[in-house]
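Subject: Structure handover

Hello,

Here is the structure we talked about. Please open it alongside this note. My findings follow below.

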Amino acid sequence: MSQDVALMFSGGLDSTYAAVTLLERHSKVHLLTYTNGYGHYAVGRVRRRLRELERRFPGRFVLQVISIRDLFDELLVDRLAQEYRTWRSGFIWCLGCKLAMHARSVLYCRENGVKQMTDGSSADTDEMVEQMPVSVALVRALYARWGVAFSTPVYDIPRSEKRSLLDGLGFFRGLPLGDRAFFIQPRCIPGELYYLPFVLLGQTPRHDEETVACFIRDKGARLDAWLTTRLGARPEPELEVKLGVR
Amino acid sequence: MGFDERDTGPTRPRGLRWGAGFAVLVTYHALALTASSVLSLVVPRYRKVVGFQVTYLRDTVSDVISRGQG
């Protein structure tokens with residue numbers, strides 16, 4: 001068993017599967033759940049998932065529910081109208097929130113001596129801006145600048161395989177309705193509004209690789225400054241970023 | 001976070017199904033805007049997002065209609 005690992009955790013299929021499989025290589029998994037103060041609700045569902053995990057693997061998980069509201073305000077919300085005029089798409093809300101989560105995860109890892117950070121990003125949902133390969137690559141670079149390794153260990157695992165493992169362990173599956181399952185994980189109203197044209201009407205979300213990369217680099221500089229203040233250290237120079245999810 | 005688990009990608013609906021989807025979209029936006037407006041009376045930080053939501057609703061409706069059905 002190697003050292004502790006941290007996992008961005010929503011309690012959904014991908015992150016729960018990741019939590020279980022990370023136990024094969026790590027003695028303890030730090031589950032990090034974030035709220036941004038704007039339309040995140042049913043966050044208690046992650047505690048239900050934690051209880052399920054604890055029953056099956058006692059003593060192997062630590063859950064932290066952390067507010068990123070102040071950082072998210074600083075990064076995006078305080079200049080929301082201006083940012084929207086610049087980037088001209090609602091992706092800025094989702095990606096700004098996720099970047100704040102990642103920066104807060106860097107801080108958590110550094111403060112708790114955790115060298116490895118993970119999340120449940122999946123190729124099945126790579127229409128989501130934060131799970132695009134370019135986003136994953138640039139987020140990995142953010143962690144690397146602060147001495148934390150970041151990986152997406154379940155990116156290429158098919159959903160059927162994830163579901164099979166969790167069903168076999170008897171995890172709550174939610175309420176199936178059409179091709180969806182409800183009541184599994186916390187909800188985010190702004191995120192749902194952004195992806196609604198995709199979900200309801202099949203219209204692809206309004207973000208492209210180049211714009212997304214520019215946005216992450218722009219915000220990355222702000223996040224580095226935020227972390228510098230919190231950690232009293234400076235980031236490592238960035239090596240060449242290899243695009244891709246691994 | 002966001003939508004709960006989805007198994008497959010969506011198809012592009014036409015006709016009545018498109019109209020129903022569009023109605024759900026606008027209704028959800030309107031409800032979210034109403035909720036934010038009410039919240040902004042007691043939670044000051046929501047004042048920062050209400051104006052943006054109006055613009056975003058207008059742009060989303062315009063974009064969805066311009067991309068049309070199928």
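Two strands count as paired if DSSP finds at least two bridges between them. Helices (H or I, at least four residues) and strands (E, at least two) are DSSP runs, numbered from the N terminus.

This is a predicted model: local features need pLDDT of at least 70, side-chain atom pairs count only at pLDDT 80 or more, and totals for chains, interfaces and linings use all residues. Residues are numbered from 1 along each chain as its sequence is written, while chains are lettered from A and ligands numbered from 1 in the order in which they are written.

The sheet

Chain A has an open sheet of 5 strands, with parallel pairing. The order is S4-S2-S1-S5-S6. Strand S4 (61-67) and strand S6 (149-151) of chain A are the edges, each pairing on one side only.

Strand S5 (residues 116-118) of chain A runs parallel to S6(A), joined by 3 bridges. Met117(A) has Phe150(A) as its bridge partner there.

Helix H1 (residues 13-22) of chain A lies across S1, S2, S4 and S5 of chain A. Its angle to S1(A) is about 170 degrees.

The contact between chains

Residues are in contact if their C-beta atoms, placed from the backbone, lie within 7 Å. Chain A gives 37 residues and chain B gives 30 residues. On the side of chain A that touches chain B, H8(A) gives the most, with 11 residues.

Best wishes

Conventions
Two residues are in contact if their C-beta atoms, placed from the backbone, lie within 7 Å. Axes are lines fitted to C-alpha atoms, for helices over the stretch in contact, and angles run from 0 to 180 degrees between N-to-C directions.
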